[in-house]
Amino acid sequence: MLLANTFKHHRVVSLLALALTVVPFTLPQAAVIAAMPGITQGATSVTDSQQRIRQAFSSADQPFYLPSLATLYASRHMQPIWQDRQAVQKFQQQLAEAALSGVQPQFTRWVERLTDPAISGFARDVTLSDAMLGYLQFVSSVPTQGETWLYSNVPYKLAQPSVSVVNQWQNAVNAGSDSAFITSLEPQHPQYRPMHAALKTLLSDKRPWPQLKGSETLRPGQVSDDVPALREILQRSGMLTAQTTAPAPDEDAVPVSTVPVSHSDQPVVVSPSLRRSPICLFHRRSRRVTCRA
């Protein structure tokens with residue numbers, strides 16, 4: 001499962017820098033409203049709700065949006081929100097991808113909690129809602145903030161999502177259409193689906209990846225101990241087919257001729273040195289450079 005593997009792979013690459021696009025929400029940011037549409041405020045006070053939520057977690061793992069969650073669950077008489085299994089799976093998938101992007105470390109912390117078997121029942125429901133509030137802020141703000149958020153080395157600041165988007169979420173939950181609402185939050189970029197499929201393939205590969213030990217730049221035709229590892233990385237990444245046969249390093253290479261370069265069809269020595277260093281041959285026919293120690 002992708003979510004279960006996310007913690008191990010969240011440093012892979014920023015795969016969500018594809019310009020995530022959703023319908024922008026125009027209302028200003030504000031605190032979650034006291035009572036959601038269609039729900040009457042019951043006997044549970046916000047203070048009692050906050051106390052119960054606090055007790056469901058350790059002191060070091062309190063929800064990020066605790067005050068907002070206390071208001072939200074008090075308005076729902078402390079009833080669980082995440083009762084649609086399909087909605088849960090869809091949301092966890094999107095949350096895992098957001099965590100992989102590295103745009104905000106809190107996404108990774110939410111994923112870690114949701115993959116922790118010790119967090120279950122009411123605590124898990126609250127964790128999903130906590131993550132949803134953060135995710136709603138992210139997807140509703142990306143159309144205007146994405147240029148900064150997706151390409152910055154500094155994580156953006158988490159804030160309350162707008163009243164508008166929280167109301168849309170709660171209306172969907174009340175109508176039993178929360179799964180469709182979460183689907184609507186998916187990136188609309190045409191490269192999202194191919195990225196999604198490639199990500200699943202990448203995370204399902206349990207084999208260790210070869211490591212490149214050299215620090216120099218490799219160019220076509222050069223000889224290096226890193227070439228086998230590089231070839232495997234390119235093949236497993238889909239950038240090089242397994243049937244591709246690379247030319248031999250010494251293909252069409254011949255000794256340096258004494259004929260002037262301008263009149264010779266032979267390879268030219270381009271980097272001999274008086275000290276011991278690689279000698280590189282430029283192959284005119286294949287326009288490759290082969291270096292030998």
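Which side chains meet in a salt bridge at 3.8 Å, N to O? Those of D61 and R113 do.

This is a predicted model, in which local features need pLDDT of at least 70, side-chain atom pairs count only at pLDDT 80 or more, and totals for chains, interfaces and linings use all residues. Residues are numbered from 1 along each chain as its sequence is written, and side-chain values use heavy atoms, with hydrogens and water left out.

**Figure 1. The whole chain.** The chain has 10 helices and 3 strands. Both are DSSP runs, numbered from the N terminus: helices are H or I with at least four residues, strands are E with at least two. Of the 293 residues, 40% are buried. Buried means under 20% relative accessible area, exposed over 50%, and partly exposed in between (1.4 Å probe, protein chains only).

Figure 2. A salt bridge puts a side-chain nitrogen of Lys or Arg within 4 Å of a carboxyl oxygen of Asp or Glu. The structure holds 3 of them. D61 sits in the loop between α2 (46-55) and α3 (66-75), and R113 in helix α5 (residues 105-114), so the pair ties together parts 52 residues apart in sequence. D61 is partly exposed at 37% relative accessible area. R113 is buried at 15%.

**Figure 3. The salt bridge of E186 and R193.** The closest N and O atoms of this pair are 2.7 Å apart. E186 is buried, with a relative accessible area of 15%.

**Figure 4. The salt bridge of E232 and R236.** Here the closest N and O atoms are 3.1 Å apart. Both residues belong to helix α10 (residues 227-236); they are 4 residues apart, or about one helical turn. E232 is partly exposed at 30%, whereas R236 is buried at 18%.
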